[in-house]
Structures are given as C-alpha cells and as structure tokens.
Amino acid sequence: MKHWKHEIKNQKFIAALHANSLAIIEKLVLSDKRAKMVVVEAGGVPVIVNNIERYTGKIAGGHGEILPDSGRSSSKKAHNRGAALSRTISLSSATVQTVSSVTAQEQLVFTEQAIRALCAISMDCPEGTGHIGEMGGIEAVVSAMRHYNAQDAILSEGCVTLRYLAFSEHNRARMVSCNAVDVIKQSLVRLQIEPLPTLNALLALSNAIYMCPKNEALAVDSGCVEVISGVMSLHRANAEVQEIGCRVYQNLAFHMAQSKKGSVRTTMLDSLRVTLIAFPESRGVQLHGCAALVNLSEIYTKDLASHNLDAHLEGVVRRYANDREIEEQASILLSRIAEEKLNKSQKSTISIITRALTGKSTSSNPHGLRASPSYSRSRTAGHQPFANPGNAPFLHDDQEE
C-alpha cells in the first residue's frame, strides 16, 4: 500500500481512483447483503465519511489506511469477497495531500458516489445504518448537500440516503444537531418538478420526523408545511405524491396539535381537504389523510369543523366499512365535527337567551347591568393522537438504484 501511494503522484488520478473504488463497493454490497457487514467490519465506513468531509472542504486531510479484515466471513467465497472489498477500501483511503488540483467536477463525482455507497450499505442493514450514524455519516451527507446545494444529483442521492439512515431512532436524534430537516426541505424545493426525487425527499422528511418531536418542531419552523402544500398542489394528479404528503402531515400533526400557528394549521387543513376529496378511492391517501386530521384536531376541533368535510367522511365510512383503520379514523372525525357543531349551536342559543334576558333586565335596571353566561365546552374524551403501524418509517417501492 505504501508503494502504491508513492507510485501515484497525480492527485486527479487518486480522486478518480477513490470514486471508482466506491463504485465497486456499491455494486458489491447491492449484489450481496453479507458484503455490507464486511465493509463495516473492515472499517470502510469511516474512510468514506472522512473522504466526503475532505472533498467538501470540511477537513483538510484524508483518512488513514485501514487493515483488511475478512476473517469473520463464513465461507471461502465470502472470504474472498471480503478480501476484495477490503483491498478496494484500502485503495480508496489513500491520502491526498491537497484537493486544490482536483477539479470541481471530479470532487462532485466523488461526493455523489460516496453518498451512494453509504446509501447502499444502509439499505436493509440495521447494523450498517447504525454504524454510519456513529461514524458521522449523517453530518457528512448533510454537509455535502449544503456544499452542493445547486447540484440536483447530490441532493437527490442525499435524500435517498437520509431516508434510509432515518430508520434508526438514534440517527433521527443526530439529525437534530445538524438540522437535516431544513436541508431536506431545501432539497424538496429544488427537486419538486420531477415526481421521483420529490417522493424520495418527502420520504426522507417523513422518516426524519417520525417520533422525533425536535425534528417535528424544526420542520414546522422551517416552513415544511407550506412547502409540502405547494408540492402536493404541483403534483395534484399524482396519487403517490399525495399519499406521501399526507404521511408527512400525519407525523407533523403531532407537533401542530400543540402549535399556536393558526395560519400553518389552516394551510395543512386546506391541503388535506383538497387531497382527501380528490382521491376517495386511494386507501393510502384516506388512511394517512384522516390520521393527520385526527392528530391535528385533538385540540383544535374548531378548525376541523369549519372545513365542511362531513359528506366526504360519511362516504369514507361507507366505502371503507370493512377497513377498520380508516373507518375508525373517519368516525372519530365525524364525532368531533358533530360535537363542535353542537357546542356552537348551544353557544348561539345561550347567546340569544342572554340577549333577551339582558334586554328585560335593562328596562328594570337603571344601570343596565349585563349577566355573562358561563358554560364549558367539552371535547370527545378517549381519542389519543393516532399512530398506527403504517406511520412508521418504511421502505418504498420507488427506491433508486
């Protein structure tokens, strides 16, 4: 390896060698799941992460050389594969003293390939996903996306990678410190024209905020609700985009139920109403859309009652009578709407009676004192924010190769 380093003098050649080595790693781990752990055990992840940081200007030097470690492979074939992977990783860890002679395009190609390699290692591999997070992979990917914020390929690959890395609860917590949610939102704004990158960005956001209140708050504060509403409007005929948009809303609604931002709640409600009515036969849209409304209206029932969803929800109950999840959510919403309307009617009646009584008392009371009625508004008890198994981060058929 030392001889190899001495022989290679051309920094551009080394940059190309790095990218090609990572392409080999990606191909091998995608063709054999066992190879993912070989890369992890050989120390390949910190090498990839460190080189991403170096090429995006975060650190000055590369990662040190690693030793091949394929002794844990269970077969001769796996052993040989592990040895090949380890040699490849070792080559990709060759230290470049400076990146000043490497063109911007070559740095871009390397960074994209490195992110793809991390994505390949994390897919369907909880151990690899956790290890990437521990080695600083999330921060490296987010940093690269910020550095190349005008490069669609980097942003798209970054969203796919963050989407898989967010399957880990610990990784979602790590995303808070580097504000990965805002980077995903910025990527969504740039990538929203094409359906596939849009879906991957929405899925990355959905997974990042799942059961992570801090990421939920960051998403709301950074304007994700407004961006998602715009994206759903842009792709109004795409049922899959609408479904994933409702899924993100379902997760965000946990935070929105506690928020005092009325305009943001209205934006979400308007978007959900349009989508629910437009796709009555899409189970995914109705499942996640109704769940989002249940979560959102846990406190602000008045907002829900003002959106005239009664007829649609009654149709949902009939159409999905044999689907317990959807039928239950639609029934909860109808119950809340009915209760709110009853409260409003009672309030109106009390107001009329009060004015009538006040008018009579005024005629016999020289001071014209008015009595203010007191009443309590109750809400349907026992309905907790809806979180069904479908709300969990998931692998989607639209994954990029």
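Which helix holds glutamine 242? Glutamine 242 sits in helix H15, residues 239–256. Helices are DSSP runs of H or I with at least four residues, numbered from the N terminus. This is a predicted model: local features need pLDDT of at least 70, side-chain atom pairs count only at pLDDT 80 or more, and totals for chains, interfaces and linings use all residues. Residues are numbered from 1 along each chain as its sequence is written, and side-chain values use heavy atoms, with hydrogens and water left out.

**Glutamine 242**
- Glutamine 242 is buried, at a relative accessible area of 2%. Buried means under 20% relative accessible area (1.4 Å probe, protein chains only).
- Its side chain reaches the backbone oxygen of histidine 235 at 2.7 Å.
- The side chain of glutamine 242 also makes a polar contact with the side chain of threonine 275, at 2.9 Å. A polar contact is a pair of N or O atoms within 3.5 Å; within protein, one must be able to donate a hydrogen and the other to accept it, and residues adjacent in sequence count only if both atoms are side-chain atoms.
- Leaving out residues up to four places away in sequence, glutamine 242 touches Met232, His235, Arg236, Thr275, Phe279 and Val285. Contact means heavy atoms within 4.5 Å.

**H14 against H15**
- Helix H14 (residues 224–234) packs on H15 at about 165 degrees, with the axes 10 Å apart. H14 is therefore roughly antiparallel to H15, a label for angles over 145 degrees.
- Axes are lines fitted to C-alpha atoms over the stretch in contact, and angles run from 0 to 180 degrees between N-to-C directions.

**Cysteines**
- The count of disulfides is zero, taking a disulfide as a pair of cysteine sulfur atoms within 2.5 Å.
- Cysteine 246 is in no disulfide: the nearest cysteine sulfur, that of cysteine 290, is 8.9 Å away.
- Cysteine 246 is buried, with a relative accessible area of 0%. Cysteine 125 is buried too, at 6%.

**Helix H8**
- In H8 (residues 137–147), the buried residues are Gly137, Ile138, Ala140, Val141, Val142, Ala144 and Met145.
- These residues pack against several helices, among them H4 (44–55), H6 (104–122) and H11 (180–191).

**Isoleucine 337**
- Isoleucine 337 lies in helix H20, residues 324–364, and is buried at 1% relative accessible area.
- Isoleucine 337 and lysine 302 are 35 residues apart in sequence, yet 8.0 Å apart in space, C-alpha to C-alpha.

Methods: Buried means under 20% relative accessible area, exposed over 50%, partly exposed in between (1.4 Å probe, protein chains only). Helices (H or I, at least four residues) and strands (E, at least two) are DSSP runs, numbered from the N terminus. Angles under 35 degrees count as roughly parallel, over 145 as roughly antiparallel, 65 to 115 as roughly perpendicular and the rest as oblique.
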